[in-house]
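Good morning, everyone, and thank you for making time for this.

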Amino acid sequence: MQQNAASNPFSVAAYGDRPQIGLDVEFGADPASGAAFFQSDGRKHDDLKQMLDSNKDGLKLEAMKRIIGMIARGRDASDLFPAVVKNVVSKNIEVKKLVYVYLVRYAEEQQDLALLSISTFQRALKDPNQLIRASALRVLSSIRVGMIVPIVMLAIRDSAADLSAYVRKTAAHAIPKLYSLDADQKDELVTVIEKLLSDRTTLVVGSAVMAFDEVCPERVDLIHKNYRKLCNLLVDVDEWGQVIIINMLTRYARTQFVDPNADEEPGQNEALDADAPPNERFYDESSNSSSDADATSEDEATATGTATAKDKAKSSKASNNNSNNNDKDNDNSSNNYHIDLDHRLLLRQTKPLLQSRNASVVMAVAQLYHHVAPRNEVQLIAKALIRLLRSHKEVQSVVLNCIASMSGRRKIIFEPHLKSFFVRTSDPTHIKLLKLDILTNLASASSISLILREFQTYISSNDRPFVAATIQAIGRCAASIKAVTETCLSGLVHLLSNHDEHVVAESVVVIKKLLQSKAAEHYEIITQMAKLIDYINVAAARAAIIWLIGEYNEKVPLIAPDVLRKMAKSFVDEQDVVKLQVLNLGVKLYLTNPAQTSLLCQYVFTLARYDTNYDVRDRARFLRQFIFPASGGTTVLTEHARQVFLAAKPAPVPESKYRDSNNYQLGSLSHYLNMQATGYKELPAFPVLAPDSSVRNIAGYMQEKLPGESPDRSKSSSTKGAGKEAREKSFLSESEKSSAYSESSGSSSDSSSDSSSGSDSEQEDDQLKPAQTKTPKAPIAAPKLIDETSSNPTDDAAGASSATIPHNLNNNAINDSGTSDSGESSLYSGSDGDSSDSGSDSEQQQQKPKDSAEQKQQPPEPQPPAKSSLDLLLDLYDIPPIGPVMTPSLGGFLTPGTPMMPGQAALQPQQARNQIELVGPSHTEFKHKELLNKVSGHGLQLSYRFTRAPHLYSSAMCSIELQFQNRSDQELTSIRMGQQQLPPGMQLSEFAPIAQLQPQQLASGILGVDFNDTTHAIDFELISSGGSARVQLKPPVGELVRSVQIGESCHREERAKLRGMNEHQCELRGMQRDQIDLLALKQKVYECLNVAHTYSSPAEQLHCFAGQTLSSKSLVLLTLQWQTDDALTLLVNCEKMVIGSMVLNELRNALQLSFAM
């Protein structure tokens, strides 16, 4: 139906009754809006002017709809201003509202014409319709002319006292406009702001605080008397207003309350976070001060005002505390700071907003807790931030940026959610880099094995910046966790044999940093890296190798002079950064081995003297004085040359690039950019002494009392027992605290209901008390260092925690998180999940005899309460992950415990000789081929490429990257796959539908196809809002194979089995062996066929390659052998005869085209 409407815009009821004669119709995305009819030609505007001058309200309304449609699409409609402004006096309310919308947009540009209607706007301020009054004020404030400032000021003052909350809200929005036009009106505007701040309507409060922030943020005295009202109304304010108010209250709290963490040492940061239970329930308060506040809430509620039923429900919903954790808090009560009750009110009233569906609100609460809350309460925000990671990628980017900044200081609160930061194949590159930085920050001795297995998978990605960052992250882990330094160094050395030059280059740079601290133990690696100088072309890697050789030249006395000789030969062709390191190498070798390197140094410095780059010339002129002084004798520089160049250098400390972002307020634009943006205001520091809190005491609200002052409270504690008061958290504890700050009206009825509810909860607690006291406390297994068979540090504890569920009524969060972690482990860790599950099962079996014995001795206990809606909303691990997770598919070179082979000169990982192992592709094509042109696709152009990466739906599927581009000038929506026609045996995994595609915008998707080892084309329908088109995709035979690695003996044995009809052979003549580069020959083979090089003969006369068909897993063995210097024999062995024949023909044509003479 939508397509029919798009193809026939006149079928729309609003416009179909009246034919559009003489109009050039443009088909838009939404014909009903009227935007499809507009062009910027004068003819159409004349028609609109005639409609606006008509006496019929219907024509005027239709014209205004079309004009607003033009504005919505970004087209200029300013020349219609005279015709539109005349209709401001229209009697039709719908026409008048649209006219005001137009005037708000163009009043600032057409000031002279707008001034002619000032009297009309003033009359509209008295209109009985609140929308007209608000629109008139909005237009008046948009006319930026100094002469009407008194008129606007009077209008704002009158509107601030309007009976309509919507008009008062508009008045608050007009205040910053007038202030920017005339700052001299500040005093009068502050008076209006003070009046608006005292408004009790939730619609007005957010706008009033916005005006306060814009005009007079230094007037905190205006906030004092409204502070408690703002806190209590916060949950009912609109989402935009919640963000504004929370940000303002954050700054207010930093100036009016002392630092709750001031009495703690800076080094105790991690220790305090570790004290708080990591699996605590999401909205539990673990601070002792909150316990004290709850203990006194019953007495305070009876003496002060009452809360509304709505506030009670919301606050009681958030009051779910874990009493088992309070004993430990009471033990450390001497170290806890009793924060101000107004401070506690702010934290308590903002905590439920962590459930908000708006990401900005959640981020605002998170930054409030980060900057203001006690350190052991900040863990509340962890799950809320993790929940935001399931939102759009723009939201993920901001949230991950904040988590990356927080994880360096508060890593303990994010460690239970480690798997939420695993990279997915669908993530953009900047999201991948943020998650990678977070994983590196969270790495610890207990989780490093799991993280390194993830990093091992990421290295096989096709995203080069991501792979480079992964290698750097491995280096950071190796430098920070000494237990895995050897493992990481071994894995990085294995990467030196990677086929991707950029991976090798990045590995060299990271190894160079690691060797600075362990060079004496691993100087044989320097020898191996020196051999790479002939193969690596990346300047940074070559410079790193030369620096290593120069720094530790005494460890390799035979190799260092030879490297200098090679670099002297290629000095002129090197990059500038390499030339500078060659000069340093020459100086160091001259100081340690002048007999062999003196002439080489003179030659290198002579070349550098006439280099084209002035940095190289300056460096040469500077360094020459250390070894070849102009005077010819000994100078001060020559005497101290060894101390300058050969001094021991400290090892570099790898740090996160988000470390400095902690200087900015969390969630701000400056924090995201890591630089101060225009308009940023620094967060004020906490005062040393708390200001007077009595300024916030006003009539109708409670008088503040410090904990322990009330005699009634002490009497209650003496009769009921201090221990019970500290542990009890009744159902209405939060609502009682909220009611203490609400207005006093009808206190007798509400207080009686509170007391009855409190007595009911006490009876329930008394019934549960015997069962709780008899139940022994189950021990929690300590995390152990993960070995090769474990997949998650929490899996072992999961079995024990799940086995003790019936005995821990108040520890539901620990049980839930343990179970979810073990369940999620099977989702994320691939094959490693089986071993972890078996381990947890064995622990449960060991717990069964103990549980049966305890159950015989104990009376039957009540079942734990069912999960509330809050728990179900925030139990993140019960939700399946969105998007595929990258699963390990290659070798385990980063597995802890892998020894480093001392004589490993070939730099190749040792494989079992008769084992077939999957390896990554040797070549990946990044160029897209056109599959659908813009004419056939109705403006949608489609191109594709084979990524040669394993598809996550099935290992038998080819992974095809589709690139969609909107080549039309209209927005395309709902791009998806329609009807499919697949040959028998084929399977297809569709790409994710694309919601919308703007003109010239690009989007990509991954299509998975199991071609069943055939080259038959697949036929499917591509549907978009522009139309549908049939697409045929036929795979090259080389993409039906994946590369495998086998030993030489295995290759010969398998080839011997595939003789006769399974063997295909041809001979290529006219190819000169001495003129063909071996690397170019291999590259051409890799481009045609996704195979891996297995081995070559010593004389390089025989070259063998191996692959495996995707669907049937049949081996494809390729052999290239030079029979003579001008005859190359191609031999293909494959169980699939058709595949083998097609591979031979494809490869023969490609080699003849490239190398035939």
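This is a predicted model: local features need pLDDT of at least 70, side-chain atom pairs count only at pLDDT 80 or more; totals for chains, interfaces and linings use all residues.

**Helices that pack, strands that pair**

Helix H10 covers residues 149-159 and helix H12 covers residues 186-197, and their axes, which come within 10 Å, cross at roughly 15 degrees. Angles under 35 degrees count as roughly parallel, and H10 and H12 are therefore roughly parallel to each other. If you look for the residues that make this contact, you will find Met153, Ile156 and Arg157 on the H10 side, and Glu188, Leu189 and Val192 on the H12 side. Sorted by class, the contact of H10 with H12 has four nonpolar residues, two charged residues and no polar ones.

Now please move along to helix H23, residues 359-372, and helix H24, residues 381-388, which pack with their axes 10 Å apart at an angle of about 150 degrees. Are these two roughly parallel or roughly antiparallel? Since angles over 145 degrees count as roughly antiparallel, that is the description that applies to H23 and H24. The crossing of H23 with H24 is left-handed. In this contact, Ala359, Val362, Met363, Ala366 and Tyr369 of H23 meet Ile381, Ala384, Leu385, Arg387 and Leu388 of H24. Nine of the residues in the contact of H23 with H24 are nonpolar and one is charged, while no polar residue takes part.

A further helix pair is formed by H33, residues 539-551, and H35, residues 576-592, with axes 9 Å apart and a packing angle of about 10 degrees. H33 and H35 are therefore roughly parallel to each other. The contact draws on residues of H33 including Ile546 and Trp547, and on residues of H35 including Val582 and Leu585. By class, the contact of H33 with H35 has nine nonpolar, two polar and three charged residues.

Phe81 belongs to helix H5 (residues 81-85) and Tyr102 to helix H6 (residues 93-106), and the two residues are 21 residues apart, so that the pair links distant parts of the chain.

Let us turn to the strands. As a reminder, the strands of a sheet pair through backbone hydrogen bonds, either parallel or antiparallel. Here, five strands with antiparallel pairing form an open sheet in the order E2-E3-E4-E8-E6. Strand E2 (929-932) and strand E6 (987-989) stand at the edges with a single partner strand each, and so one side of each has no neighbour in the sheet. On average, and ignoring direction, neighbouring strands of this sheet are turned by 30 degrees against each other. Within it, strand E4 (residues 958-966) is joined to strand E8 (residues 1002-1010) by eight bridges, and Phe964 has Ala1003 of E8 as its bridge partner.

Another open sheet has four strands, in the order E7-E5-E9-E10, and again the pairing is antiparallel. Its edge strands are E7 (994-997) and E10 (1027-1033), each of which pairs on one side only. From one strand to the next, the twist averages 35 degrees. Strand E9 (residues 1018-1024) pairs with E10 over seven bridges, and the partner of Asp1019 in E10 is Gln1032.

Notes
Residues are numbered from 1 along each chain as its sequence is written. Side-chain values use heavy atoms; hydrogens and water are left out. Two strands pair if DSSP finds at least two bridges between them. Axes are lines fitted to C-alpha atoms, for helices over the stretch in contact, and angles run from 0 to 180 degrees between N-to-C directions. Angles under 35 degrees count as roughly parallel, over 145 as roughly antiparallel, 65 to 115 as roughly perpendicular and the rest as oblique. Contact means heavy atoms within 4.5 Å. Ala, Val, Leu, Ile, Met, Phe, Trp, Tyr, Cys and Pro count as nonpolar, Asp, Glu, Lys and Arg as charged, and the others, Gly among them, as polar. A crossing is left-handed if the near helix is turned anticlockwise from the far one by less than a right angle, and right-handed if clockwise.
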